[in-house]
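Please keep the sequence and the 3D view at hand.

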Amino acid sequence: MTTRILVSAIALIAVLVFSYLLRAQGRRWPGAVYDSDKTGEKPGPAPRRSLSGIWEPAKSAADGIAADGAKAMPSDGKPEHELPYTPAGRKAFQANKPTFGITQVPAALSNDPMPSCNPQGFPRIILHNYRTTQIVQSEDQVLILYEFNRKWRSIWTDGRELPKDPENPGWTTVAGVEPPPEEPRWWGYSVGKWVDDYTFVDVSTGFHDGTWIDNAGRPHSDAMQVEETYHRADADHLELSIKIIDPKFYTKPWVALDKLSLRLQSRHFDIPEMECAPLETQKYDKFFSNPAARSGKAK
């Protein structure tokens with residue numbers, strides 16, 4: 001088989017697999033509520049100070065999947081999507097080798113930390129592979145439970161402050177108890193509050209340096225802060241926005257997600273499993289990634 005035929009065959013198989021995955025992503029699970037199922041019914045008013053419920057992207061179950069980078073700023077080469085890198089930020093970006101975006105490389109040559117099942121961390125879990133999510137509120141926390149890899153985040157609302165030293169983070173004193181310093185985290189340290197009855201804002205910092213911001217390899221430094229805004233538009237819809245603030249790698253803040261509309265699901269909605277499994281990665285490398293890399297070198 002010639003190199004050209006081999007590459008074509010691999011590409012065809014990849015397209016077929018991807019098409020199947022897209023169909024699976026759009027499948028309606030028992031108990032789901034969809035706007036198209038309603039007969040012109042107008043959603044009721046938003047409840048006060050409530051994010052609780054099971055949510056998924058309103059347009060379709062796949063609308064939160066952004067392979068080419070953050071939805072509001074994709075890595076597509078358009079001037080309006082060029083990020084405001086500092087020299088250090090651009091150098092870090094050029095060192096990353098994603099499999100999507102304008103600097104993409106073959107999968108076998110990528111240094112993306114996620115395919116080997118390292119945690120993708122926050123905000124990438126939203127900016128790359130946002131799926132059905134459950135939000136649970138308590139007196140002191142907002143808990144966000146993600147479908148992908150069944151991960152969760154704790155956003156504290158008990159009045160504590162964010163760590164002031166990103167290299168040696170730890171919480172400030174809360175209720176007379178001061179926890180010991182901790183290491184940077186894959187999911188960061190998060191605190192939030194209601195800025196009005198329908199808008200909740202949280203800020204996260206103290207991130208592990210082994211994560212990317214999105215699927216296109218956008219980098220972050222230890223100074224990154226992520227500002228996340230949830231606005232309850234009505235009884236059935238929630239708008240989610242994300243802003244990146246990182247003075248070491250970017251000359252100004254930039255919006256990565258701009259009011260992604262989420263739709264409330266039935267409380268009986270059963271969120272399916274979606275795990276990163278090393279066994280599946282090994283199969284992909286054996287049948288797709290490694291053959292593609294070898295064929296590329298043979299040219």
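## A nonpolar patch

V136 has a relative accessibility of 33% and therefore counts as partly exposed; buried stands for under 20% relative accessible area, exposed for over 50%, and partly exposed for what is in between (1.4 Å probe, protein chains only). The residue is part of strand β2, residues 133–137. Together with L145 and W152, V136 makes a nonpolar surface patch of about 270 Å². Such patches consist of residues with over 30% relative accessible area and no salt bridge, with nonpolar side chains (Val, Leu, Ile, Met, Phe, Trp, Tyr) joined within 5 Å and like charges within 9 Å. Areas follow the Shrake-Rupley method with a 1.4 Å probe. Helices (H or I, at least four residues) and strands (E, at least two) are DSSP runs, numbered from the N terminus.

The model is predicted: local features need pLDDT of at least 70 and side-chain atom pairs pLDDT 80 or more, while totals for chains, interfaces and linings use all residues. Residues are numbered from 1 along each chain as its sequence is written, and side-chain values use heavy atoms, leaving out hydrogens and water.

## Salt bridges

The structure has eleven salt bridges, each a side-chain nitrogen of Lys or Arg within 4 Å of a carboxyl oxygen of Asp or Glu. One of them joins R48 and D197, with the closest N and O atoms 3.0 Å apart. R48 sits in the loop between α1 and β1, and D197 in the loop between β5 and β6, 149 residues apart. R48 is exposed, at 53%, whereas D197 is partly exposed, at 24%.

D202 and R153 form another salt bridge, at 3.6 Å from N to O. D202 belongs to strand β6 and R153 to strand β4. Both residues are buried.

## Cavity and pocket

How many cavities of 30 Å³ or more are there? The count is one. On a 1 Å grid over the protein atoms alone, a cavity is a set of points where a 1.4 Å probe fits but cannot get out, and a pocket is an open set with protein on both sides within 12 Å along at least five of seven lines; lining residues have an atom within 4 Å of a point. The lining of the largest cavity includes G64, K71 and L257.

The second largest pocket has a volume of about 150 Å³, the space filled by probe spheres set on grid points joined across faces, edges and corners. Eleven residues line this pocket, and R153, S154, R185, W187 and G188 are the closest to its centre. Strand β4 gives the largest share of the lining, four residues.
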